[in-house]
Amino acid sequence: MGRYEFTVAFAGNPNVGKSTVFNNLTGLNQHTGNWSGKTVSNAFGCMSYKNVSYTLVDLPGTYSLLSGSKEEAVARDYLCFQNPDMVVVVIDATCIERNLNLVLQILEITSRVIVCVNLLDEAQKKSIFVDLDELSRRLGVPVVGSSARSGRGMSELKEMIYNMTVNERKTYVDKITYAPEIEREAEKIFKKIRQKCKDDRIARFLSLRLLENDEEFNKGLKESIGISVEAEVHKKEYKDMIAEKIIITAERIFLSSVKFNNKEYNKRDRKIDRILTSKSTGIPIMLLLFGVIFWITIVGANYPSQWLSSLFENINQFIQSTLTNIGTDNIIVSVICDGVLKTTFWVVSVMLPPMAIFFPLFTILEDFGYLPRIAFNLDKYFKRSGTHGKQALTMCMGFGCNACGVTGCRIIDSPKERLIAIITNALVPCNGRFPSLITLISIFFSASLVFPFNSVFSALLLLAVIVLSVFATLALSKLLSSTLLKSERSSFTLELPPYRAPQIGRVIVHSVKDRIIFVLWRAVAVAMPAGLIIWLLANIYIGDSSLLNYFTASIDGFARIFGLDGVILAAFILGFPANEIVMPIMIMAYTSNSSLMEYDNLMQLHSLFTANGWTIVTALCVLVFFLFHFPCSTTCITIYKETKSIKWTLLAFVLPTILGLTACFLISSISRLILTFAA
Amino acid sequence: MMYLDKELSLLNSLNIGEKCVVRGLTSEGKERRRMLDLGLIQNTTVEAALKSPSGDPVAYYIRGALIALRSEDAAKVQVSAL
């Protein structure tokens with residue numbers, strides 16, 4: 001344990017590698033990628049340096065503290081009211097002028113700042129020269145250059161943090177002087193609130209904000225520290241004058257400290273953009289990229305999946321025989337092997353390989369800077385649905401995890417558009433549903449084809465499924481925005497960051513490791529207890545029928561209206577805690593009814609399902625219901641946390657369910673009609 | 001700031017590859033603040049850089065960053081020829 005405790009906050013624009021710097025210092029690698037683990041609330045980490053221990057706080061990435069989005073409010077409130085000992089602002093060396101806006105705003109709150117100019121390697125490639133000494137002199141705070149992805153500059157940064165905290169190194173930040181009129185009015189407010197603030201700088205910052213007279217900010221200030229002061233003079237121009245002054249100051253500092261040795265430094269990026277976002281190739285390339293990713297996932301996942309499941313089968317048999325040999329009761333053996341282990345092993349062997357392939361591929365696209373281009377390409381469609389183009393990004397996060405996607409909706413500023421994005425997020429299939437979709441597709445729809453046509457066909461089907469989910473998202477958003485959530489359109493600004501060579505090796509290592517941890521954790525936390533409960537339900541008999549049988553039989557009639565059966569619907573209901581366990585529940589329910597079957601390969605799964613009356617129509621209905629049903633419990637809780645409203649949480653639960661049931665009803669009715677006519 | 005001799009037009013009328021100078025914003029409230037925070041203040045040079053597949057939004061170079069704006073938002077930025 002160190003002798004001191006200091007808190008260091010990390011701020012910065014999105015896409016500047018702030019999380020990489022943060023992870024580099026803390027050794028925490030959970031959220032390197034920006035999309036599934038995007039920093040949307042304050043993440044914490046620890047660092048120890050020269051026997052001193054530090055708490056590091058990763059603030060949400062923002063361009064400003066003052067334009068009123070939720071993320072900005074989180075960052076601003078933390079800096080103003082949580083009193084961190086110092087702040088590290090991470091900025092992008094290739095885009096310094098834009099980044100300085102945030103730096104200058106933060107310097108108005110605190111002078112205990114270190115500026116970390118990251119991505120120096122990228123700047124070098126573009127022949128952008130940053131004069132770090134000049135920058136430091138102009139800003140009045142220490143500046144360190146870094147390339148966090150290769151670790152360059154990290155030890156200097158640590159030393160600087162140490163100097164500023166332990167040695168209390170001074171900084172010399174000039175305050176920005178505004179027009180005399182503003183200074184005079186701000187001073188009046190300053191005098192009234194000085195007593196309630198921690199220091200003069202924060203008091204001045206808050207005075208300026210009160211002078212700007214933003215309703216929401218005033219309300220927040222009253223709630224958080226009980227300051228409620230009306231400015232004597234309200235002028236709309238004040239806001240403009242303050243914002244302009246900061247921008248101009250940023251421009252001056254930028255011009256004196258950055259030199260472009262190659263004026264055409266972003267020519268290459270524009271060439272790439274012309275291909276990835278043009279009218280003729282933009283959307284086809286997007287579909288092709290996803291198609292290829294799905295294909296690689298499906299083909300690649302097959303082998304490790306089979307290998308894992310036969311490995312687990314052997315382990316399970318070994319445990320079973322060992323337990324039996326040492327005289328364990330048969331019922332206990334069955335609880336452990338048929339209940340707990342079988343479900344857990346299923347989750348690991350079927351879920352892990354596709355995730356461990358899909359995620360790194362997706363993260364590489366993200367690392368490259370492609371995701372904002374998706375939002376750029378698709379914005380028109382979201383606009384037509386009355387929603388925000390950034391919903392394309394929260395949708396992408398939803399592919400990872402709907403709960404993450406829901407939290408990620410904070411990047412959308414307008415409350416109603418944000419609510420629509422939250423409610424519709426679960427319409428895109430998450431992590432926990434992908435492998436089940438892949439399994440259904442490969443055993444029912446493409447099994448009759450030979451390699452490589454079967455996998456290509458699977459990938460195309462999966463792509464179609466994704467396109468369907470995107471259409472459903474757009475349609476439901478349109479419905480919401482024209483009925484319940486009519487909203488005034490908010491402005492749309494989306495930064496298209498420079499492309500960067502993705503660190504393929506690093507991404508793969510981290511992302512695969514993350515997925516393994518994620519899946520193993522879910523296997524232990526959710527699949528194990530679920531396996532136990534399902535086994536109990538399937539094996540506790542009242543009369544000559546198990547509890548599970550009573551349950552499935554009681555909803556069987558209802559389920560059949562929608563082309564499903566009692567077991568399938570029961571599996572979805574019991575799988576509410578996690579979508580990963582829906583398939584294993586079905587398997588266990590079916591196997592407990594018939595004689596015990598092994599399912600160490602997919603074709604046996606096919607026979608198990610068909611033996612229980614599945615047709616291709618059943619499979620299609622299950623597929624559709626997998627896509628559109630109530631979000632898992634974690635997502636529901638997150639929706640409640642984000643909306644603070646039971647009404648909207650219920651709506652987010654009910655809407656996709658109605659959509660799924662309606663689609664299944666139509667599919668099964670139409671197929672019945674066709675069959676009747678055919679016969 | 002003698003720019004009145006030049007005719008005002010709106011940012012969304014700019015063709016790809018063309019540059020212009022910002023003269024003012026017509027938006028209000030939060031939206032206005034967001035535009036200012038992007039650096040869209042008087043005398044800022046802006047270049048239209050990239051069209052999305054459907055022609056809207058368009059991405060502009062604003063102070064070294066590439067920012068996509070929808071046509072109706074760009075219509076709230078008054079500009080004049082460079």
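Let me begin in chain A, where Ala9(A) stands opposite Val57(A) in strand β3(A), a strand being a DSSP run of E with at least two residues, just as a helix is a run of H or I with at least four, both numbered from the N terminus. What you are looking at is a predicted model, in which local features need pLDDT of at least 70 and side-chain atom pairs count only at pLDDT 80 or more, while totals for chains, interfaces and linings use all residues. Residues are numbered from 1 along each chain as its sequence is written, and chains are lettered from A and ligands numbered from 1 in the order in which they are written.

Strand β1 (residues 5-12) of chain A runs parallel to β3 (residues 52-58) of chain A, joined by 6 bridges, where pairing requires that DSSP finds at least two bridges between the strands. On β2 (residues 43-49) of chain A, the pairing with β3(A) is antiparallel over 7 bridges, and there Phe44(A) stands opposite Val57(A). β2(A) and β3(A) form a hairpin with 2 residues between them, and Lys50(A) in that turn has a positive phi of about 45 degrees.

Turning to chain B, the contact takes 32 residues from chain A and 27 residues from chain B, two residues being in contact if their C-beta atoms, placed from the backbone, lie within 7 Å. Among the elements that each supply at least two residues of chain A's side are α12 (282-325) and β9 (493-495). β9(A) pairs with strand β5 (residues 65-69) of chain B in the antiparallel sense over 3 bridges, and the bridge partner of Thr493(A) is Leu69(B).
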